[in-house]
Amino acid sequence: MGALEQPAPTGIDVSKPSIARAYDVVLGGKDNFEIDRAVVGEMLKIVPQLPEVAAYNRQILSRGVRYLVEEAGIRQFMDLGSGLPTRENTHQVAQRSAPDARVVYVDNDPIVLAHGRAILAENDNTGVVTADLRDPQAVLAAPEVQRLIDFSQPVGVLLVGILHHLHDSEDPQGVAKAYMDAVPSGSYLFMTSFCASFPEAAALEQTYLSVLGTGRFRTLEELQGFFGDLEMVEPGLVSLPEWRPEEPIGHELTVAERLMAGGIARKR
Ligand code: SAM
């Protein structure tokens with residue numbers, strides 16, 4: 001522990017890196033420890049633009065949630081693999097447009113709940129659940145999910161920046177489908193994930209797997225499969241900055257811009 005390191009919240013293991021805390025490092029947050037910074041240091045050797053990539057992911061999260069609230073009329077969200085609270089969290093974006101919007105955050109890292117207290121204090125329409133999203137039945141049955149989500153009304157299911165942390169053997173496609181099967185017609189799946197669309201993808205995947213244990217770079221075709229038979233919202237599954245940009249892009253996309261792909265689709 002460094003001289004200025006904050007003490008770890010109870011129950012948080014600082015001897016192993018955590019995905020949530022490593023992502024916090026990349027986003028320039030303070031809820032991380034030396035081990036997390038060391039891991040991110042290894043990743044930055046291969047793709048120094050990772051902070052840029054994380055920023056694109058947070059930007060599409062805002063644009064996507066705004067679309068779902070303002071254009072699709074969605075008023076309730078399950079944010080699966082939500083990460084540590086940062087700026088422009090899902091409930092803040094959603095409730096700016098629709099103050100009655102309800103959001104339940106789900107993450108398997110207890111540090112998210114430890115740091116999510118402020119979110120919980122903000123309003124009754126927001127909750128945090130510590131659960132493993134690979135077990136959809138347990139997540140769907142969690143009391144906070146049952147309290148906040150009305151499964152007779154359309155739901156925005158967010159799997160943003162998370163499915164690359166599921167190994168192929170964990171059936172990420174089946175996991176996404178299980179959540180979409182539980183929500184009614186008119187619901188949406190919003191997904192972003194690492195995409196093997198650049199030459200360094202294989203090396204970066206190896207680094208992720210060796211230092212963090214997860215991090216799959218899938219092809220666009222594989223990622224498209226996660227949407228199953230849902231109806232893609234324009235412009236479909238694309239590199240993050242290409243999804244409904246606020247300003248025209250006007251240049252050939254960089255590696256950082258192509259490192260992740262994302263899209264939104266509607267359940268018919
Ligand atoms: N969704 C946020 C975003 O895109 O900005 C955060 C993404 S962060 C890279 C991935 C988060 O998923 C981490 O907070 C990690 O703890 C969580 N996570 C990883 N595996 C998970 C699992 N099996 N169940 C629930 N959460 C998981």
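Q: Where is R244 found?
A: R244 sits in the loop between β7 and α12 (255–258). Here helices (H or I, at least four residues) and strands (E, at least two) are DSSP runs, numbered from the N terminus. The model is predicted: local features need pLDDT of at least 70, side-chain atom pairs count only at pLDDT 80 or more, and totals for chains, interfaces and linings use all residues. Residue numbers start from 1 along each chain, as its sequence is written.

Q: Why is R244 called partly exposed?
A: Count the C-beta atoms around R244: 16 others lie within 10 Å. A residue is buried at 20 or more such atoms, exposed at 12 or fewer, and partly exposed in between, with C-beta atoms placed from the backbone. R244 has 16, so it counts as partly exposed. Its backbone has a feature to note too: phi is positive, about 45°, although R244 is not a glycine.

Q: What makes E88 partly exposed?
A: E88 has 13 other C-beta atoms within 10 Å, so it is partly exposed. This residue lies in the loop between β1 (76–80) and α4 (90–97). Its phi is positive as well, about 50°, and E88 is not a glycine.

Q: What is the form of the peptide bond from E234 to P235?
A: That bond is cis, with omega near 5°. P235 belongs to the loop between β6 (231–232) and β7 (238–239).

Q: Which residues of α3 are buried?
A: They are L50, V53, A54, Y56, N57, I60, L61, G64, V65, L68 and V69.

Q: Which residues come nearest to the ligand?
A: Of the 21 residues around the ligand, A20, G81, G83, N108 and G161 come nearest. A residue belongs here if its C-beta atom, placed from the backbone, lies within 6 Å of the molecule. α1 (19–26), α3 and β2 (102–107) each supply at least two residues of this shell.

Q: How does the shell around the ligand divide by class?
A: The shell has 9 nonpolar, 7 polar and 5 charged residues. Ala, Val, Leu, Ile, Met, Phe, Trp, Tyr, Cys and Pro count as nonpolar, Asp, Glu, Lys and Arg as charged, and the others, Gly among them, as polar.

Q: How do α2 and α10 run relative to each other, and how do you know?
A: The axes of α2 (residues 34–46) and α10 (residues 201–211) come within 9 Å and cross at roughly 170°. That angle makes the two helices roughly antiparallel. Axes are lines fitted to C-alpha atoms, for helices over the stretch in contact, and angles run from 0 to 180 degrees between N-to-C directions. Angles over 145 degrees count as roughly antiparallel, under 35 as roughly parallel, 65 to 115 as roughly perpendicular, and the rest as oblique.

Q: Which residues make the contact of α2 with α10?
A: From α2 come V39, E42, M43 and I46; from α10 come A203, L204, T207, Y208 and V211. Two residues are in contact if their C-beta atoms, placed from the backbone, lie within 7 Å. By class, this contact has 7 nonpolar, 1 polar and 1 charged residue.

Q: What makes L189 count as buried?
A: L189 has 25 C-beta neighbours inside 10 Å, so it counts as buried. It lies in strand β5 (residues 188–194). Leaving out residues up to four places away in sequence, L189 touches V157, L159, A176, M180, F227, L230 and A265. L189 and L159 are 30 residues apart in sequence, yet their C-alpha atoms are 7.4 Å apart.

Q: Why is E144 called partly exposed?
A: E144 has 18 C-beta neighbours inside 10 Å, so it counts as partly exposed. This residue is in helix α8 (residues 143–148). Beyond four places in sequence, E144 touches V104, G127 and V129.
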